[in-house]
Amino acid sequence: MITVVTGNKNKAAEVAAFFAGITDVTHIAFDCVEPQADSVEDIARAKAEQAYAALGVPLIVDDTGLFIDALSGFPGPYAAYVQDTVGNTGILRLMEGKEDRDAHFTTAVAYADAAGIQVFSGRVDGVITTEERGNEGFGYDPIFSVGGKTLAEMTLAEKNSLSHRARALAAFRDWYVGSA
């Protein structure tokens, strides 16, 4: 069994769908104090240490950054804060007139249990659109396009086959299944 620790029920549902048929997934809505760091891997590790100390059960946490080339990597590991403050509309305004729309997401999934912490990363490259498109997903999904389709225009199965979180979860899954 995997316990997903997040205050975001959409993330928990995405993880549960990803692990369907492999293992049971539970969700604990525990908000970790988010450390400030330049690396999503360092942030995920610190959150896993904190959550495991508080809850004492094997668990995963994640952290995601959106890195936009034309904005020198902004918002980077501060993507959640930027999403909460200026949202997609603010990012689209910052991107007005920019020809270089390349961006990538990186997610780090940290697994904590009595043996310690393991961190797994995934990355997906895409572009920032000029407008929001699609009705699925959450966060930046409506403005991040891969292969001409935003993450919000994809079904959950499509998104899980290529997303940054899916790639990090796949690396974790391979390790988890291999170590069982």
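Which residue in E7 does isoleucine 128 stand opposite? Isoleucine 128 stands opposite phenylalanine 144. The model is predicted: local features need pLDDT of at least 70, side-chain atom pairs count only at pLDDT 80 or more, and totals for chains, interfaces and linings use all residues. Residues are numbered from 1 along each chain as its sequence is written, and side-chain values use heavy atoms, with hydrogens and water left out.

View 1. Helices (H or I, at least four residues) and strands (E, at least two) are DSSP runs, numbered from the N terminus. Two strands pair if DSSP finds at least two bridges between them. Strands E5 (102-113) and E6 (116-128) are antiparallel, with 12 bridges, and form a hairpin with two residues between them. Histidine 104 has aspartate 125 in E6 as its bridge partner. E6 also pairs with E7 (residues 144-146), in the antiparallel sense over two bridges.

**View 2. Helix H6.** H6 (164-179) has 16 residues and reaches 23 Å from its first C-alpha to its last, close to the 22 Å expected at 1.5 Å a residue; the expected span is 1.5 Å times one less than the number of residues. Among its buried residues are His164, Arg165, Leu169, Phe172 and Tyr176 (buried: under 20% relative accessible area, 1.4 Å probe, protein chains only). The buried residues of H6 pack against E1, H1, E3, E5, E6 and H5 (contact: heavy atoms within 4.5 Å).

Conventions:
Buried < 20%, exposed > 50% of the residue type's maximum accessible area, 1.4 Å probe, protein only.
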